[in-house]
Amino acid sequence: MNILITGSSGFIANHFIKFFQKKHFIYGLDINKSSSTNNIFDIRKDINLKGLPKDIDLIINLAAVH
């Protein structure tokens, strides 16, 4: 299963990633690439999101304004 997590460098997102990456492919969107997975896309730089699969099964929105 392909899972996309927005706000992937946040506290809750990091715990989701650690839990889900054992069985699923995790992709993240954030303004900061520091996260528990290598498949993080910086929404400020990776505008066309090349490498992000088109068949995302689940999106978990954990993005917030700080």
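The model is predicted. The protein chain holds one helix and four strands. Along the sequence, they follow the pattern β-α-β-β-β. Of the 66 residues in the protein chain, 35% count as buried.

**The chain as a whole**

- The protein chain exposes about 4700 Å². Carbon and sulfur atoms supply 58% of that area.
- Some contacts link residues at least 6 apart in sequence, and 41% of these join residues at least 24 apart.

**The sheet**

- Four strands form an open sheet with the order S3-S2-S1-S4. The pairing is parallel.
- Strands of a sheet pair through backbone hydrogen bonds, either parallel or antiparallel.
- Strand S3 (40-42) and strand S4 (58-61) stand at the edges. Each has a single partner strand, so one side of each is left without a neighbour in the sheet.
- From one strand to the next, the twist averages 20 degrees.
- Five bridges join S1 to strand S2 (residues 25-30), and the two run parallel. Within this pairing, Leu-4 has Tyr-27 of S2 as its bridge partner.
- Four bridges join S1 to S4, again in parallel. Here Ile-5 stands opposite Ile-60 in S4.

**The helix**

- Helix H1 (residues 11-20) packs on the sheet. The helix touches S1, S2 and S4.
- The direction of H1 makes about 170 degrees with that of S1.
- S1, H1 and S2 together make a right-handed β-α-β unit.

- Is S1 enclosed or open to the outside? Five of the five residues of S1 are buried, so this strand is largely enclosed by the rest of the structure.
- In a regular strand the side chains alternate between the two faces of the sheet.
- Asn-2 lies in strand S1 (residues 2-6). Its relative accessible area is 11%. Buried means under 20%, so Asn-2 counts as buried.
- Which residues does Asn-2 touch, leaving out those up to four places away in sequence? They are Phe-25, Tyr-27, Pro-53, Asp-55, Ile-56, Asp-57 and Leu-58.

**The nonpolar cores**

- In soluble globular proteins, nonpolar side chains tend to be buried together.
- The largest nonpolar core has seven residues. They are Ile-3, Ile-5, Ala-13, Ile-17, Phe-20, Ile-26 and Ile-60.
- S1 and H1 each supply at least two residues of this core. H1 gives the largest share, three residues.
- Phe-20 belongs to this core. Not counting residues up to four places away in sequence, Phe-20 touches Ile-3, Ile-26 and Ile-60.
- Another core, of five residues, lies apart from the largest one. Among its members are Leu-4, Tyr-27, Phe-41 and Leu-52.

Terms used. Residues numbered from 1 in each chain as written. Predicted model: local features only at pLDDT ≥ 70, side-chain atom pairs only at ≥ 80, totals over all residues. Heavy atoms only, no water. Buried < 20%, exposed > 50% of the residue type's maximum accessible area, 1.4 Å probe, protein only. Contact = heavy atoms within 4.5 Å. Pairing = 2+ DSSP bridges. Axes fitted to C-alpha atoms, helices over the stretch in contact; angles between N-to-C directions. Areas by Shrake-Rupley, 256 points an atom, 1.4 Å probe, with all protein chains shown as cover. Core = buried A, V, L, I, M, F, W, Y, C linked by side-chain atoms within 4.5 Å. Right-handed = clockwise from strand over helix to strand, strands pointing away.
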